[in-house]
Amino acid sequence: MKVIKLYNSKSLKIEEFVPIKEKEVTMYVCGPTVYDHIHIGNARPLVVFDTLKRLFMAVGYDVKYVSNYTDVDDKIINRSKSLNVSEKELSEEMIKAYEKIKLALNVSKMHKTPKVTETMDDIIKFIDELILSGNAYVVDGDVYFRINSLSDYGSLSHQNLEDLKSGARVEENSKKENPLDFVLWKETKTGVKWESSYSFGRPGWHSECVVMIKKELGNLIDIHAGGSDLRFPHHENERIQAKALYGSELANYWLHNGMLTFGGEKMSKSLGNLISAKEAVEKFGANLVRWLLLSSHYRDALPFTDESIKNAGSEILKIETALKQANVILSLNSFKDEKIDEESYDLFLNQLSNDINTPNAYTVIFDTIKKLNILLRNKEYSVFEISKYQNSILKMLDILGIDFKIKNLDNDEKQLYLKWQEFKQAKNFKEADLIRESLIQKGII
Ligand SMILES: [Zn+2]
């Protein structure tokens, strides 16, 4: 099986991936808090880690990919109040919208998508166990994790504990034993709440993911992934709870994607430069958005600017045009063959297997497009060769989740295409242009 190398944020090294169970990968990616439509930055982990999943599958792994829905949160309570709908109504509507975006961006079906509201009993049990084992404590109906109970807090995000402490002291909460202790459960007066032995309240975000990982995939998983903004405190806090309770790591590989930049600045709500994934897909098309989200190496910042959108558009058009031209020739010759150009496909897999190096993988695609275009320009073309390169490009694009939905031409379409050629040869440009318009509309050329 092809070796896949990944940069592990915990070791700060590129490591060879070795699965826990042979030929199987368990992956967990922190999902959205469903209070609003996701912004385009949140679509990056969705697309990047789906591509990694597709790569694992392409080289022969069975992948169990789980991503959650945080459907209990202050943001949901506040927004549902301002919209005058129930929290459940709001979160369900946002989950539907998210599912639509996943479909539009061609994100493959996930193994499980658990919700916090459906995992509550297990979350309360988990917090109970942390209290019983002395790793957490109750103060006035709230529960906090006792970070002093373990020595290696901070080792995932490589943070200095003293620096963190002085930062945390600014917003010190006198209820805590240590300013870095974080909340596992908080008593609540407003919004939906659950009964526990400590109070009526809600769980903290950091416990939810650990419990859903354990429930759907087990105590230890292969890969835990998410945006680099989740590395601290979220992933650090997830890891330390698992370590406290199971005495072992939560994941063998921690992967974090870089943020989107918008004219040089990180994209976030506070900067007011927000575009939702939904708006981006409607405006630019799903293929362009997916292509753009994969165009930078996933650990680097990704510019989401007029220029990068324009570049992605012209690259996508270049690929689509070549594939359509090849498709017309193959359809007219009724040629169908499954063979691929193994050499370019293997080069492509090698690039992706090297810590998901999509920019280099794109170069392989363009080199293969170049070869295909040379064949297409040759009057004595070989349909076998055209088919071979077309198949390999389609196979590469499939791993990237790019689908042009190119279909073979039916008889009427073939006739129409031939008529266009006839009119062009006869220099009847008026008729030729009319047919050309129709061929473009049908997506043939
Ligand atoms: Zn999480």
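Start with the whole chain in view: the C-alpha centres of domain 1 and domain 2 lie 42 Å apart. Select 5–257 for domain 1 and 305–441 for domain 2; these bounds come from an automatic or database domain assignment. What you have open is a predicted model, where local features need pLDDT of at least 70, side-chain atom pairs count only at pLDDT 80 or more, and totals for chains, interfaces and linings use all residues. Residues are numbered from 1 along each chain as its sequence is written.

Now colour by secondary structure. The protein chain has 15 helices and 14 strands, taken as DSSP runs numbered from the N terminus (helices H or I, at least four residues; strands E, at least two). Along the principal axes, the C-alpha atoms fill a box of roughly 90 × 50 × 40 Å.

**Stop 1: where the domains touch**

Here 14 residues of domain 1 are in contact with ten residues of domain 2, a contact being two C-beta atoms, placed from the backbone, within 7 Å. On the domain 1 side, the elements that give two or more residues are β1 (5–8) and α1. The most comes from α1, with eight residues.

**Stop 2: the largest core**

Next, select Met27, Ile127 and Leu184, the residues with the most contacts inside the largest nonpolar core, which has 102 residues. Such a core is a set of buried Ala, Val, Leu, Ile, Met, Phe, Trp, Tyr and Cys residues joined through C-beta atoms within 7 Å. Buried means that 20 or more other C-beta atoms, placed from the backbone, lie within 10 Å of the residue's own. Helix α1 (residues 43–58) supplies the largest share of this core, eight residues. Both domain 1 and domain 2 give residues to the core, so it lies between them.

Zoom in on Ile127: leaving aside residues up to four places away in sequence, Ile127 touches Ala136, Val143, Leu184, Trp185, Pro203 and Ser207. Then look for a second, separate core of five residues, including Val328, Tyr417, Trp420 and Ile444.

**Stop 3: a helix pair**

Finish with helix α11 (residues 342–353) and helix α13 (residues 383–400), whose axes come within 9 Å and cross at roughly 20 degrees. The axes are lines fitted to C-alpha atoms over the stretch in contact, with angles from 0 to 180 degrees between N-to-C directions. That angle makes α11 roughly parallel to α13, a label for angles under 35 degrees. To see the contact, show Ser344, Tyr345, Phe348 and Leu352 of α11 with Ser392, Lys395, Met396 and Ile399 of α13.

Technical notes:
Buried ≥ 20, exposed ≤ 12 C-beta atoms within 10 Å, placed from the backbone. Parallel < 35°, antiparallel > 145°, perpendicular 65-115°, else oblique.
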